[in-house]
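Have the viewer open and follow along.

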Amino acid sequence: MEKKELASRESMAEVKTRPLEGWDRCVPWIMRAVILLVVIVLKQNSDTIQKWIDSTWSDLLTSWVFNSVYFESWHATLTYAIVIPIYPFALHYIPYFDRYKVHPSVTYVHTTGKDLLMEAVTYLTPLMLLDTFTIKKYVGVHPSVMAQKRLSFIQTTRPLPIAPPTVGQVGFQLISSVLLFDFMFFCFHLLFHKNAWLYKTVHALHHKHDVMHGRVTNLLTVPERIVLILSANYALRFMGSHPITRMLFVPVFIFLLVDNHTGYDLPFGIHRIVPFNLMGGPAAHMAHHFKGTTHYQPFFTYMDTLLGKYNSYSSNVGKKVKENKID
């Protein structure tokens, strides 16, 4: 590796979330005020929103697409296919956002229709296989319906609950599921980095890139992709999330993942809006990608903060593997 390239990678490993300057310092506060206002409006109109949820749920129950056992896999794939060519593209081609790059090397990798199709096939194949032979389990489904599903080896439809969720349930389930996923995948992610064999066979591909860009989000081996999806699924299941919550979880989940890999430290980023540095953001995640000794949590920071004082926590198996110090 040339000295210039090595120096560049070392500088990428040391990127940090920079303090906001000028009017940018007001942006997180404005966003918090807007969110608070939205919450108040939603609270005051909860009855109207509940009626809309009830009506929407009734319509969804009659949809063969929504009832399909493959719906969630289709939904996740379509959401990613929409987000990945639009959000990072906009950041890259609107000159104003250049100032928020966490490192000059941050770029955008164009996605062709063929590339998206290949990614979709690679992504969907293992998930649809799991869908075909796995009985979906949702809170509120009558035991007799589940018993009927167990009689069939191959699944084609989902056993959905009849009752819609309440507004409060959707909000609680959505937030708590994101928090639980973050903790669950942190545990797996840390294990991937601390075990040389797992790093080489499962996780190294995700770090195999020269610059940070949005499409790194899906640079995953099949085992890691399955672990990621199952972590999200079990977090949702543990929190008893309604199918509507699960449907809303997908765009939130995918946006947070893609945002982490864009390499743009935006003043209106979710990591800026959430106070007390509770979320790491793109700068922290980029440092992880090129250093690999901390920032193991996908979104939040509390576990990294709690465990960061231990020397063994900061050991870099990935670096040793790359240097052929571990076979």
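Angles under 35 degrees count as roughly parallel, over 145 as roughly antiparallel, 65 to 115 as roughly perpendicular, and the rest as oblique. Axes here are lines fitted to C-alpha atoms, for helices over the stretch in contact, with angles running from 0 to 180 degrees between N-to-C directions. This is a predicted model, where local features need pLDDT of at least 70 and side-chain atom pairs count only at pLDDT 80 or more, while totals for chains, interfaces and linings use all residues. Residues are numbered from 1 along each chain as its sequence is written, and side-chain values use heavy atoms, with hydrogens and water left out.

**Helix pairs**

Helices (H or I, at least four residues) are DSSP runs numbered from the N terminus.

| Pair | Angle between axes | Distance between axes |
|---|---|---|
| α8 and α9 | about 110 degrees | 5 Å |
| α6 and α10 | roughly 60 degrees | within 10 Å |
| α10 and α11 | about 140 degrees | 12 Å |

Start with α8 and α9 (residues 196-203), whose axes make an angle of about 110 degrees. The two are therefore roughly perpendicular to each other. Contact means heavy atoms within 4.5 Å. On the α8 side you'll find His 189, Leu 191, Phe 192, His 193 and Lys 194, and they meet Ala 196, Leu 198, Tyr 199, Val 202 and His 203 in α9. By class, that contact has six nonpolar, three polar and one charged residues. For the classes, Ala, Val, Leu, Ile, Met, Phe, Trp, Tyr, Cys and Pro count as nonpolar, Asp, Glu, Lys and Arg as charged, and the others, Gly among them, as polar.

Next, α10 has two partners to look at. With α6, the axes cross at roughly 60 degrees, and that makes α6 oblique to α10. The crossing is right-handed; a crossing gets that name if the near helix is turned clockwise from the far one by less than a right angle, and left-handed if anticlockwise. Thr 122, Tyr 123, Pro 126, Leu 127 and Leu 130 in α6 touch Val 222, Arg 225, Ile 226 and Ile 229 in α10. Seven of these contact residues are nonpolar, one is polar and one is charged.

The other partner is α11 (residues 243-262), which packs against α10 (residues 222-238) at about 140 degrees. This pair is therefore oblique too, and the crossing of α10 and α11 is right-handed. From α10, the residues Leu 228, Ala 232, Asn 233, Leu 236 and Arg 237 meet Arg 246, Phe 249, Phe 253 and Leu 257 in α11. That contact divides into six nonpolar, one polar and two charged residues.

**Pockets**

Pockets and cavities come from a 1 Å grid over the protein atoms alone: a cavity is a set of points where a 1.4 Å probe fits but cannot get out, a pocket is an open set with protein on both sides within 12 Å along at least five of seven lines, and lining residues have an atom within 4 Å of a point. Grid points are joined across faces, edges and corners, and a volume is the space filled by probe spheres set on the points.

The largest pocket holds about 1,500 Å³ of space. It is lined by 41 residues, and Ile 35, Val 39, Gly 171, Leu 174 and Ile 175 are the closest to its centre. Its lining has 33 nonpolar, five polar and three charged residues.

The second largest pocket has a volume of about 770 Å³. Of the 41 residues lining this second pocket, Leu 228, Ile 229, Leu 230, Ala 232 and Asn 233 are the closest to its centre. Which element gives the most to this lining? That's α10, with ten residues. By class, the second largest pocket is lined by 22 nonpolar, eleven polar and eight charged residues.

**Cavities**

There are three cavities of 30 Å³ or more. About 60 Å³ lies in the largest cavity, and α13 (residues 281-291) gives the most to its lining, with three residues. The lining of the largest cavity has four nonpolar, seven polar and one charged residues.

The second largest cavity has about 50 Å³ of space. Here α11 gives the most to the lining, with three residues. Its lining divides into five nonpolar, three polar and one charged.
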